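Visitor: I would like a close look at one part of this model. Please take me through it piece by piece, and then show me what surrounds it.

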Amino acid sequence: MESRPQTVAVVEDDPSMRRSVRRLLNAYGFAVEEFPSAEAFLGRDPDSCAECVVLDIHLPGMSGLELRSRLTAAGSPLPVIFFTAIDDDAVRIAALQLGCVAFLRKPFPAELLIDAIIKALSGVPSR
Amino acid sequence: MARDFEAPSRRPIRGPVRVFWISLLAILAAVSAGLAEIVDLVPRVLILYPYDERIPATTIAGESARNRLLEATAGKIELFSEFLDLSRFPENVHVDRMARYLAEKYVDHRPDLVIALGEEATSFIATNRKTIAPHAKIVFCGFSGATAASLNLPDDVVGAFSEFDITKTFEMAIRLQPNARQLVVLGGSAKFDQAWIADARQNLAGLTGNIETTYLTGLSIDEFIERAAGLSEDVILLVLTVFVDSTGRNFIPQDAFEKISVTAGAPTYGPYSTYIGHGAVGGNTVTFESVGTTVANLAVDALAEKPVSNVDVPQTYVADARQLQRWGLAEVDLPSGTVVSFKEKSLWEEYWAEITTIIAFVAAQSFVIAALLFERGRRAAVELTARGRLLEVIHLNQSATAGALSASIAHELNQPLGAIRNNAEAAEFMLNRDKPDLKLIKQILVDIRDDDKRAGDIIQRLRGLLKKRSEIDWQEFDINDVVKSALQILHSEAERRGVAVDCRPTARQLPVRADRVHIQQVILNIATNAMDAMLDSAPAQRRLLLLTDLTESSKAAVSISDTGTGIPGDQLGRVFDTFFTTKSNGTGLGLTIARAIVETYGGKIWADNLPQGGAVVSFVLPLVKV
């Protein structure tokens, strides 16, 4: 029905976790751009067509939260979905305050991620 | 500041509130039997969620409100939930549509009370009450009083406000430290950190009286640690959040808090419950659970026709008994209702008498054993008793190590588990389609297998750590292998603490005869100690070095060195003594047990300072003759 798949950026340092998220998203019909770090995401190809970001919080170098702040500061409209393996109230509250479509704790059911992405993309003007 | 349900973003997550009708029955029945028929009316409560059903903040508060309502009415209540979905459909046309829909849906079931969760649901029902719930009372929650004022709500609409009140944390501190002369407020450089600082400046201004107040911000983590360490005990240190320091380095606030508090010279307080257990004496906080309970209580009162007015969600005072003890602060000075954690004694504290006795006994027995070395007949019996007790102590030590590492182990496990779940769900989805890509599914299965092994290995290591011995399991093994397995257990903890680990085993094997699990525990105890000693070091300089070697006298040697503060010269001889510790959170038993183990296997252990700074602990064990 749609003309081309919508693209999701996945920023995650664990290669196996990143690959699994890519497969999941591919299976549900999304295109995926993968980045092992926040820095790699910031230096992405200007032609990148990612329309939302699935973002790990604990990354080597710049953290996911810091990346979120920078995106906001730069006026980026990209919606963000956070995911993390660490449980910390302050992190959760900060993530919510920085703004995110969802905050997922690993491991999470696929449904939660897919729903969050659909929600994120529904706010984005299509194509 | 940091009010839970208010997210100043374009996709704010606002608080959920559940409405709840209290049953009049019980109350009225108690007052007058003549009103019994009214009692049979079960109140109808509509809970309005602003978004969908999967927003955690609103779900937690909503569940908690619901439970409170069911409890207060003994289940005699009819609860309805509606999800307005206003983040996905913020347009006015949707808002109007929802209003029309609800007006029609509830035409024969008009609610007696509406609980609105969050700002958007509250505005919605305040605007549309005439058509949806014309006779209902309205209560709300999930945002601050300041926000409520900006909404210009009707007078009869009342709510439970969420206010993180830093002055309460300060008040707790001043109760505990009435003679404090200085207040130091510390926060990082992130926007969130700065908002906290601004909030504290504004709200603490009038309260500090004669107490001199200093704001520490715009510093690096090392500077924070250093400044905090330089404070004296009559200072109150209030740490807000450090998400980012002045050098741009990122932190989990809880970790930054711990780094600062562990060597702080002054009692340290903070406004999150997650700081408890990480060096905080205490603080004052708001939980999603109490948001739900509070609005439910408003609802209960409103349904019972009691006068209701705006309330603040009670903040919870939290405190850590161990920190109170560390600073010599009195628990009786805590605000009433403070939730005190770690009150029960730890395993070590609870059994310290037994452990001391056991260790003394072990030492005495060892002496006896030595004396009886040649009396072989008696020796066996004595050694058995001594060993049995030592094994008990070692097992306690193993459990304590596992406990201390549990956070990093959980984090480490969640990665493969998360990947397995994603892969499995992707494969399942693919198999349900017409032409599944079997090649890809095969790859997925390979990854699942690998991640499963990764998780299994982590658990295997943990199991090794917890294995209880009723007798020594003698094995011959290469000590290099045990050094490596200990490092696998420690590596994620080292990573979490920013410690670089360098392991240099000998190329040749160093076979020894002992219980592998025990030797591993020796290495874990020494290495954990070494990492603790580096808490104050600059992150770039935290290095843990593990060496193995063959000594001239043909023994297997392991030495573990750190780049920490070293051991004060006069204490070098005491570090293996029972309960000797230089750390606030140390049990003082790790090295004692290490020595007991090493000596059991005929080895020796000693400590030294390094010329370039830092300390080294080494032990040797007899080599098995090949």
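In chain B, six strands form an open sheet: in what order do they lie, and is the pairing parallel, antiparallel or mixed?

Guide: The model is predicted. The order in chain B is 2-1-3-4-5-11, and the pairing is parallel. The edges are strand 2 (78-83) and strand 11 (311-312) of chain B. Each has a single partner strand, so one side of each has no neighbour in the sheet.

Now go inside the sheet. Strand 3 (residues 113-117) of chain B pairs with strand 4 (residues 137-141) of chain B in the parallel sense, over five bridges. Within that pair, L117(B) faces C141(B) of strand 4.

Helix 5 (residues 118-132) of chain B lies across strand 1 (44-49), strand 3, strand 4 and strand 5 (157-161) of chain B. Helix 5 runs at about 145 degrees to strand 3 of chain B. Helix 11 (residues 288-303) of chain B also packs on the sheet. Helix 11 touches strand 1, strand 3, strand 4, strand 5 and strand 11 of chain B. The direction of helix 11 makes about 165 degrees with that of strand 4 of chain B.

Follow the chain out of strand 5. F164(B) sits in the loop between strand 5 and helix 7 of chain B. F164(B) counts as buried because 21 other C-beta atoms lie within 10 Å, and the cut-off is 20 or more.

Helix 7 (residues 166-176) of chain B follows. Its buried residues are I166(B), T169(B), F170(B), M172(B), A173(B) and L176(B). They lie on the same side of helix 7 of chain B, because they cover an arc of only 155 degrees around the axis. What do the buried residues of helix 7 of chain B pack against? Their partners are helix 8 (191-204), strand 8 (235-239), strand 9 (268-269), strand 10 (282-285) and strand 12 (316-320) of chain B.

Step back to the chain as a whole. Chain B has 18 helices and 20 strands. Of its 626 residues, 44% are buried. Among contacts in chain B with a separation of 6 or more, 74% join residues 24 or more positions apart.

Five strands of chain B form an open sheet in the order 15-17-18-20-19, with mixed pairing. Strand 15 (500-504) and strand 19 (604-609) of chain B stand at its edges, each with a single partner strand, so one side of each is left without a neighbour in the sheet. Direction ignored, neighbouring strands here are turned by 15 degrees against each other on average. Strand 19 pairs with strand 20 (residues 615-622) of chain B in the antiparallel sense, over six bridges. A607(B) stands opposite V617(B) of strand 20. Helix 17 (residues 516-533) of chain B packs on this sheet, touching strand 17 (543-550), strand 18 (555-561) and strand 20 of chain B. Helix 18 (residues 590-600) of chain B touches strand 19 and strand 20 of chain B.

Last, the partner chain. Chain A has five helices and five strands, in the pattern β-α-β-α-β-α-β-α-β-α along the sequence. Of its 127 residues, 55% are buried. Where do the chains meet? Contact involves 42 residues of chain B and 38 residues of chain A. Helix 14 (376-431) of chain B is among the helices that supply at least two residues to the side touching chain A. Helix 14 gives the most to that side, with 14 residues. By class, that side of chain B has 20 nonpolar, twelve polar and ten charged residues.

One helix pair crosses the boundary. Helix 1 (residues 15-27) of chain A packs with helix 15 of chain B at an angle of about 145 degrees, and their axes are 11 Å apart. The crossing is left-handed. Helix 1 of chain A contributes S16(A), R19(A), S20(A) and R23(A) to the contact, and helix 15 of chain B contributes I444(B), D447(B) and D451(B). By class, this contact has one nonpolar, two polar and four charged residues.

Definitions and conventions:
Residues are numbered from 1 along each chain as its sequence is written. Chains are lettered from A and ligands numbered from 1 in the order in which they are written. This is a predicted model: local features need pLDDT of at least 70, side-chain atom pairs count only at pLDDT 80 or more; totals for chains, interfaces and linings use all residues. Helices (H or I, at least four residues) and strands (E, at least two) are DSSP runs, numbered from the N terminus. A residue is buried if 20 or more other C-beta atoms lie within 10 Å of its own, exposed if 12 or fewer, and partly exposed in between; C-beta atoms are placed from the backbone. Two residues are in contact if their C-beta atoms, placed from the backbone, lie within 7 Å. The arc is that of the directions from the helix axis to the C-beta atoms. Ala, Val, Leu, Ile, Met, Phe, Trp, Tyr, Cys and Pro count as nonpolar, Asp, Glu, Lys and Arg as charged, and the others, Gly among them, as polar. Axes are lines fitted to C-alpha atoms, for helices over the stretch in contact, and angles run from 0 to 180 degrees between N-to-C directions. A crossing is left-handed if the near helix is turned anticlockwise from the far one by less than a right angle, and right-handed if clockwise. Two strands pair if DSSP finds at least two bridges between them.
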